[in-house]
Amino acid sequence: MDKFSGNSGPAPHLYPPIDPYDQRMMEVGDGHSIYVEQCGAPNGIPVVVLHGGPGGGCSPAMRRYFDPARYRVVLFDQRGCGRSRPHASVSANTTWHLVDDIERIRKALGIGEWIVFGGSWGATLALVYAQSHPERVRHLVLRGVFLMTRAELDWFYGGGAGLFWPETWARFIAPIPEDERDDMIGAYHRRLFCGDLRTETKYARAWTSWENALASVASNGGGGEAPGDYARAFARLENHYFRNAGFLDEDGQILRRIDRISRVGAHIVQGRYDMICPPRRAWELAEAWPAADLRLVRNAGHALSEPGISSELVRVMDSLAADERPATRRQST
């Protein structure tokens, strides 16, 4: 989950825009080729950025959360989205394929261990990756926590969030016949994978607009319309992953396996009024994980571009650069 335009607009608290010093397409098997870039300091502290969605892709603004004199920043477009190819493909595209891709990138770049920075679905993927390869993670920085549980999917696609956004929810369900509305993920799946490009794009825009509209605390229900190609990849990949419960082995898997990363430090930055990924999950994660520092940001929603969230993330990354083992604490900002 993540807003497609969440990194646009003025951001005085971010570092100035920078260009990559390395860009490459990496063959990862199964017919997939993924876009990878590096920016900042080649000998700096390695950090890998995991974008949201699934299907969101990385953006130039995501480079700006890190001091370019101190960090070696690695960004990549996950399978099927952004500049990776084939576009909008769900073939050989699961959480476990992505975990393997992250490891393949790490090895190709000669990195022993790195900070993992991810928001929304990127936070999900960061946690699953860390639980699979804890020895490769020196710290986790998570934003807008999403644990890929049935309760979270029911909240967002079963009408929970719609209680707060009734007019926006009405637009989301309007294209679906009433007798199919008890399973909105399944109903949209049939249309997003129907084989007709125009139909898939139409429903992809409706799917994406529902999420965009709720991303910011400043929103009043209008999220704008995403470009067709972007929306189709975003919606198809999200729907594919959500319909398959993130390809996890069991509901609640991430919390049940928290012991695997009990010694890995973490910062969790969560909007107090996040309607897409409610703060309850971030709180539960921090309660189960003594090494985690939970920071609830008042007057903030879900989007990475929320000023309070962006500024807090920059503070966290600056503190890690100055002291890679900061004291664990919990605070509201």
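This briefing walks you through helix packing and salt bridges in the structure above. The structure is a predicted model, where local features need pLDDT of at least 70, side-chain atom pairs count only at pLDDT 80 or more, and totals for chains, interfaces and linings use all residues. Residues are numbered from 1 along each chain as its sequence is written, and side-chain values use heavy atoms, leaving out hydrogens and water. Helices (H or I, at least four residues) and strands (E, at least two) are DSSP runs, numbered from the N terminus.

**Helices H1 and H2**

- Helix H1 (residues 95-108) and helix H2 (residues 121-132) have axes that come within 10 Å and cross at roughly 70 degrees; axes are lines fitted to C-alpha atoms, for helices over the stretch in contact, and angles run from 0 to 180 degrees between N-to-C directions.
- That makes H1 roughly perpendicular to H2, a label for angles of 65 to 115 degrees.
- Among the H1 residues that meet H2 are Trp96, Leu98 and Ile102, and the H2 side includes Trp121, Leu125 and Tyr129; contact means heavy atoms within 4.5 Å.

**Helix H6**

- At 1.5 Å a residue, the 17 residues of helix H6 (residues 197-213) should span 24 Å, and its end C-alpha atoms are 24 Å apart, which agrees; the expected span is 1.5 Å times one less than the number of residues.
- Buried residues in H6 include Tyr203, Trp207 and Trp210 (buried means under 20% relative accessible area, exposed over 50%, partly exposed in between, with a 1.4 Å probe and protein chains only).
- Their cover includes helix H3 (150-157), helix H4 (166-173), helix H5 (184-192) and helix H7 (228-243).

**Salt bridges**

- Side chains of opposite charge can pair when their charged atoms come close.
- A salt bridge is a side-chain nitrogen of Lys or Arg within 4 Å of a carboxyl oxygen of Asp or Glu, and the count comes to 20 salt bridges.
- Arg63 pairs with Glu37, with the closest N and O atoms 2.7 Å apart.
- Arg63 lies in the loop between strand S3 (45-50) and strand S4 (71-76) and Glu37 in strand S2 (residues 32-40), so this pair ties together parts 26 residues apart in sequence.
- Arg63 is buried at 9% relative accessibility, and Glu37 is buried at 1%.
- Asp101 forms a salt bridge with Arg104, with the closest N and O atoms 3.2 Å apart.
- Asp101 is buried at 0% relative accessibility, whereas Arg104 is partly exposed at 34%.
- Asp30, Arg79, Asp101 and Arg104 are linked in a network of salt bridges.

Terms used:
Parallel < 35°, antiparallel > 145°, perpendicular 65-115°, else oblique.
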